[in-house]
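Good morning, and thank you for coming. I shall take you through one structure today, part by part. Please have it open before you.

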Amino acid sequence: MEQVIKPSIKEDFLRHFDFLDFSFDQEFYKNQRKEAKALIQNLDFPTSKTEYWKYTRLNKVLKGKYSFKELESTPYDLQGLAQNRLVFVNGYFSESLSKVNVGEGVYFAPLSQAKQENKELQNSFGKLYKQDEIFAVMNQAYHQDGAVLMVKKGKVVEEELLILNIIDGENIISQPRNLIHLSENAQAKVILKTIGYNSSASFTNMLTEVFVDTSANLEIAKIQEESKTAYQIATEQVKQEANSFFKINTFTFNGALVRNNLNIDLLGQHTESWLSGLYLLKEKQHVDNHTYVLHREPNCESNELYKGILDDQSTGVFNGKVFVHREAQKTNAYQSNANMLMTDDVTINSKPELEIYADDVKCSHGSTTGQLDEEALFYLRSRGIGYKTAMATLLKAFSADVIDQIGIESVQLEVEEFINKSFKGV
Amino acid sequence: MIEIKNLHASIDGTPILNGINLKVNAGEVHAIMGPNGSGKSTLSSVLAGRDEYEVTAGEVSFFGEDLLDMEPEDRAAAGLFLAFQYPVEIPGVSNVNFLKSAINEIRKKKGLDAISAKEFLQMVKEKSKLVELDGKLANRSVNEGFSGGEKKRNEIFQMAMLEPKLSILDETDSGLDIDALRIVANGVNELKTEENASIVITHYQRLLDYIVPDFVHVLYKGKIVKTGGKELALELEEKGYDWIKEETGVSA
């Protein structure tokens, strides 16, 4: 009897990439892709049994039919955006929308160009991605374009740099890939933003490798504002050397399903890491923040604060893990997740985790869930403040300690404006 | 200024107010006294627009307008102010910033320009002195970490800033030591003019030594059962509330 073998979801999904042409890549990168393709053979998409993906089901994401769509430009209004920016549309570099004017010692260019002209890139590119995570490996094998920022020793980039991914069109698939490398004692601030413009049901799988060398100082503001039917998986793989400072604030404002994987590896002593996030969810949105901080060395500090405001029937997931190695004495690690539930129909799965093998550390973790304080709302209104303003005031107050973390003024204003706007319609 | 006619209100189906009638004119101070559970706080909540309460009958007109039909913020704009019995702590919201936006929203409704920063600061300085509120408290988050006395002084400070036509002081004296009580009362008296009025709700006569009322009303079982001058308060202090219950024939 003849047996019909149905292609698996994975095989089906990987077919999306069949037509991609990477012949322009240099040999080095072609080989990297080849290695990654081999790795995929032994990996599978997560199921409900996969602990790491327990609360986020990917069925509807994986069963989608997507296409790549190269556009050189998009009518999206770029006014008021950072003066130094690399803009990508559907994962492809848009030269006309980009604007780069950086000084000596700063390399800020699209990945496609960097692969051709920047030999140094080979020392770091592809060194950090997790070889057992299928989405990271898939990005390694089939990534399109992205941004490369390399800052030389001692160099300070004064103005913030923007890496903007715009999704324009329906059922678009894209796999942007970025690399940020700050050499010793260098400093920079980066806005990593994805927006949906005229788009629906897209899938973005972004991977960013981040190297913060000795005594370097990096801040990333990650803003996710895709369309409300968009799916996004975004991973940052960070490596911090001794005495370095790294801060990342993640703001999720839209998207049907958003999964963030933030992995920070602390390789030297006296590092400082700040991770914070704010998610404002409506309708049936689902946002999942997974973070992992690995303390390997003594005398390091990590601070984590994620907050969520969940409305309608939305779902939030927070899983933050701090791992303190036996050698990592005098570690200070703090972790907290707070959620405000606006209706009775929202779901939040919050799981802060500490795994400690050293015996002289200060670590804490906590999770709180509450509702909007109706009494406070009435108090403000009774003083003459209108309902919408009073709501926005309270929600901003709830988010204040996350917003205060932002070291980029334009981002701070943008986040506050978003909160004002998002509850105007109530 | 305000006229309450046959006001009935209930919470979760339980009637609390059973036909309140009260008229307050400009320049008057009215005290409402009564035992616990008589409906004093319900009355202030209904007037300020707290939505847990359902008004089942009656009407309230405020400068000729239907007060019960207005949102809490519109009542404030029309000149009504409630000093809360339990002022709310609002972490992360600055006391002065929130007052500034309150003043500006009210001004906007009246077609006035926003208050200038200079004018506002001058006002904060002046009015916080009135209730001896530390300048630092004015700048902190609303009521956060304030002592009980500081919270009540902050209420009067806000009242001074908003310059209402009608102030309702809901048990402002509860839990206050004598010094704080004097400061609060002094603030209220300083703010009194021929154009404004207050309703002072209290369980004890003590506050009325400092804020002298023109009328004293006794509230019992959701009704005003007796009205008199300031001497009525002294009588209540001396005899308690039992004689009222007997005299009015409302069974406990």
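Nine residues of domain 1 of chain A are in contact with eight residues of domain 2 of chain A; two residues count as in contact if their C-beta atoms, placed from the backbone, lie within 7 Å. On the domain 1 side of chain A, at least two residues each are supplied by β8 (187-200), β10 (217-225) and β12 (245-252) of chain A. Helices (H or I, at least four residues) and strands (E, at least two) are DSSP runs, numbered from the N terminus. The largest share of that side, three residues, belongs to β12(A). By residue type, the side of domain 1 of chain A that touches domain 2 of chain A divides into four nonpolar, one polar and four charged residues. Here Ala, Val, Leu, Ile, Met, Phe, Trp, Tyr, Cys and Pro count as nonpolar, Asp, Glu, Lys and Arg as charged, and the others, Gly among them, as polar.

The domains themselves are 9-267 for domain 1 and 372-426 for domain 2 of chain A, with bounds that come from an automatic or database domain assignment. Their C-alpha centres lie 31 Å apart.

A word on the basis of all this. This is a predicted model, in which local features need pLDDT of at least 70 and side-chain atom pairs count only at pLDDT 80 or more, while totals for chains, interfaces and linings use all residues. Residues are numbered from 1 along each chain as its sequence is written, and chains are lettered from A and ligands numbered from 1 in the order in which they are written.

I turn to the contact between the chains. Chain A brings 17 residues to it and chain B brings 20 residues. On the chain A side, the elements giving two or more residues are α7 (374-382) and α8 (387-403) of chain A. Of these, α7(A) provides the largest share, seven residues. The chain A side divides into nine nonpolar, five polar and three charged residues.

Next, the strands of chain A. Strand β16 (residues 301-310) of chain A is mostly covered, with seven of its ten residues buried. A residue is buried if 20 or more other C-beta atoms lie within 10 Å of its own, exposed if 12 or fewer, and partly exposed in between, with C-beta atoms placed from the backbone. Which strands pair with β16(A)? One is β14 (residues 272-281) of chain A, in the parallel sense over ten bridges; another is β18(A), also parallel and over ten bridges. Two strands pair if DSSP finds at least two bridges between them. Ser276(A) stands opposite Leu305(A) in β16(A), and Ser302(A) has Ala333(A) in β18(A) as its bridge partner.

The loop between β17 (315-324) and β18 (332-341) of chain A holds Lys330(A). Its phi is near 60°, a positive value in a residue other than glycine. Most residues other than glycine have a negative phi. Lys330(A) is partly exposed, with 16 other C-beta atoms within 10 Å.

In chain B, six strands form an open sheet with mixed pairing, in the order β6-β9-β10-β3-β11-β12. At the edges stand β6 (80-83) and β12 (223-228) of chain B, each with a single partner strand, so one side of each is left without a neighbour in the sheet. Strand β11 (residues 215-220) of chain B pairs with β12(B) in the antiparallel sense over five bridges, and Leu219(B) stands opposite Ile224(B). In the loop between β11 and β12 of chain B lies Lys221(B), which has a positive phi of about 50° although it is not a glycine. Lys221(B) is partly exposed, with 19 other C-beta atoms within 10 Å.

A further open sheet of chain B has four strands in the order β2-β1-β4-β5, with antiparallel pairing. Its edges are β2 (14-24) and β5 (65-66) of chain B; each has a single partner strand, so one side of each is left without a neighbour in the sheet. Strand β4 (residues 53-62) of chain B pairs with β5(B) over two bridges, and the bridge partner of Phe62(B) is Glu65(B).

Finally, consider helix α7(B). The buried residues of α7(B) include Leu181(B), Ile183(B) and Val188(B). They pack against α4 (117-130), α6 (148-162), β9 (166-170) and β10 (197-202) of chain B.
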